[in-house]
Amino acid sequence: MVESIKIILTIFKKDLYSELRTRYALNALLMFVITTLSIILFSIGNESVSPELLSGVLWIIIFFSTMSGLSRTFVSEEERGTVMTLHLIAKPLKIYFGKLLFNLALLLGLNIFTVALYLLFVTSFSVGNYAIFITTIILGTLGLASGSTIIAAIIAKANTKGTLYPVLSFPILLPLLLTVINATKLSVENALFAEALGEFQILFSYLIVLTVISFLLFEFIWKE
Amino acid sequence: MAFKLILGAWLSIILIVGFSFPITTNPTNWYDLPFVPGLEDKARILFFHVPMAWVTTLAFIISLIYGIKYLTKKNLDYDIISSSSAGLGMMFCVLATVTGSLWAKFTWGSFWNWDPRETSIFVLLLIYGAYFALRSAIDGDEKKATLSAVYAIIAGITVPFFIFIMPRIVEGLHPNEAIVSQGKISMNKTMLVIFLSSLAAFTGLFFWILNLKVRAARLESKYYLKGE
């Protein structure tokens, strides 16, 4: 057990160092968030937009920035031809969890950045109940990382990687997106925490189901 | 051959009967169909649209089962069945969406309302689309079979979530409430018989086309294996 965790952490660290050295995904993601946000701010202009609508827009930014960056972990291994080495070093499941951990860290950082910018610059968006809002962001990030990691592993083996990623991810992430948008709306409307409990149950079970199914199926993808 | 002829005759009878039997408020004759409030003549879609939606689901489940079988046995024949079933499922999914959407225009006033059923069939359509986009982007039969089977399983797992999510977002408009209320079916015997035989006929149609598709795909793969 301790040995497996060590290997998982080693893979996580390897990805982290190689990312910090090139900053390929990081730079692209940050710029993506900034450009999208500025387009939204330009298009809003002086109009007053309802906060309910803006809670959907927040998740549109998060979804598409996820789609633009999170496939890197697996695609770069294929492109650099380092898949075989990874096969030799560790068992598939440890690689999966290492990659999941890395994607999770990346997405969490990205979402904190996005949400901070969004709260600062989109003035008509104000959160009423921060407990709901923060729980939604955390559960949403966990589910998004889990769903997009397994799809990234699939598309790394395909020919047209970039365009295929959002196409394959959208039907799978749709239950998550609908629920987080709903929960964010509740947080804007200053609802009680108990009212959002149903949403959190869905998000939590989605996270568990997707992680378990990825855990069961990753070996088939990785060995192809 | 006999199966094909019987199926053709059966479907023609359902088509004629489904469109021509009169709908009356007080069914007395054996050929009278009952009047469902709010649906009137538009209730006839039941005989065609519901079986199509049922076949769409059936095709997805068969595709899923054979996908899992492929992953455990690694026999490419299972992949042929799985992908053929998915192809047919997509066709029936488009048919069910189009018929349902046309019907919605005349009953609810617009082609698309994001009713829970509409959303779930839309998601199914997206999954079928993504499945074939994935298949066309992979070289090599084994790789294609494995990855598409894995994708179908992951996608299939997330579909049941909509049952819990959609009622929280929009209210249902679907008339299953009008037809089946409090466990009591407001169809009379004639309507039920036509509906059930249509369901059986569409299922038969699906298996007949699936059989043809699978045989054609097997021949095709044999031809390529021999090398031109």
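The legends below describe several close-up views of a predicted model.

In this predicted model, local features need pLDDT of at least 70 and side-chain atom pairs count only at pLDDT 80 or more, whereas totals for chains, interfaces and linings use all residues. Residues are numbered from 1 along each chain as its sequence is written, and chains are lettered from A and ligands numbered from 1 in the order in which they are written.

**View 1. The fold of chain A.**
Chain A contains nine helices and zero strands, where helices (H or I, at least four residues) and strands (E, at least two) are DSSP runs numbered from the N terminus. The radius of gyration of chain A, taken over C-alpha atoms, is 18 Å, close to the 17 Å that the globule rule gives for 224 residues, so chain A is as compact as a globular protein of that length; the rule itself is 2.2 Å times the number of residues to the power 0.38. The C-alpha trace of chain A spans about 55 × 35 × 30 Å along its principal axes. Of the 224 residues of chain A, 43% are buried, a residue being buried if 20 or more other C-beta atoms, placed from the backbone, lie within 10 Å of its own, exposed if 12 or fewer do, and partly exposed in between.

**View 2. Helix α4 of chain A and the residue after it.**
Helix α4 (residues 72-80) of chain A has R72(A), T73(A), F74(A), V75(A) and E77(A) as buried residues. G81(A), which follows α4(A), has a positive phi, near 70°.

**View 3. The contact between chains A and B.**
On the two sides of this interface, 26 residues of chain A are in contact with 26 residues of chain B, contact meaning that the C-beta atoms of two residues, placed from the backbone, lie within 7 Å. On the side of chain A that touches chain B, α7 (130-155), α8 (161-188) and α9 (197-222) of chain A each supply at least two residues, and α8(A) gives the most, with eleven residues. That side of chain A has 19 nonpolar, five polar and two charged residues, with Ala, Val, Leu, Ile, Met, Phe, Trp, Tyr, Cys and Pro counted as nonpolar, Asp, Glu, Lys and Arg as charged, and the others, Gly among them, as polar.

**View 4. Helices α3 and α4 of chain B.**
Helix α3 (residues 76-107) of chain B packs against helix α4 (residues 116-136) of chain B at an angle of about 140°, and their axes are 10 Å apart; axes are lines fitted to C-alpha atoms, for helices over the stretch in contact, and angles run from 0 to 180 degrees between N-to-C directions. Among the residues that meet in this pair are S83(B), A86(B) and G89(B) in α3(B) and Y128(B), Y131(B) and R135(B) in α4(B). By class, the contact of α3(B) with α4(B) has nine nonpolar, three polar and one charged residues.

S148(B), which is found in helix α5 (residues 141-158) of chain B, counts as buried because it has 24 C-beta neighbours inside 10 Å. Not counting residues up to four places away in sequence, S148(B) touches S83(B), Y131(B), L134(B) and R135(B), while Y151(B) touches I154(A), L168(A), Y131(B) and L134(B). The largest nonpolar core has 113 residues, and I154(A) and Y151(B) are those with the most contacts inside it; such a core is a set of buried Ala, Val, Leu, Ile, Met, Phe, Trp, Tyr and Cys residues joined through C-beta atoms within 7 Å.
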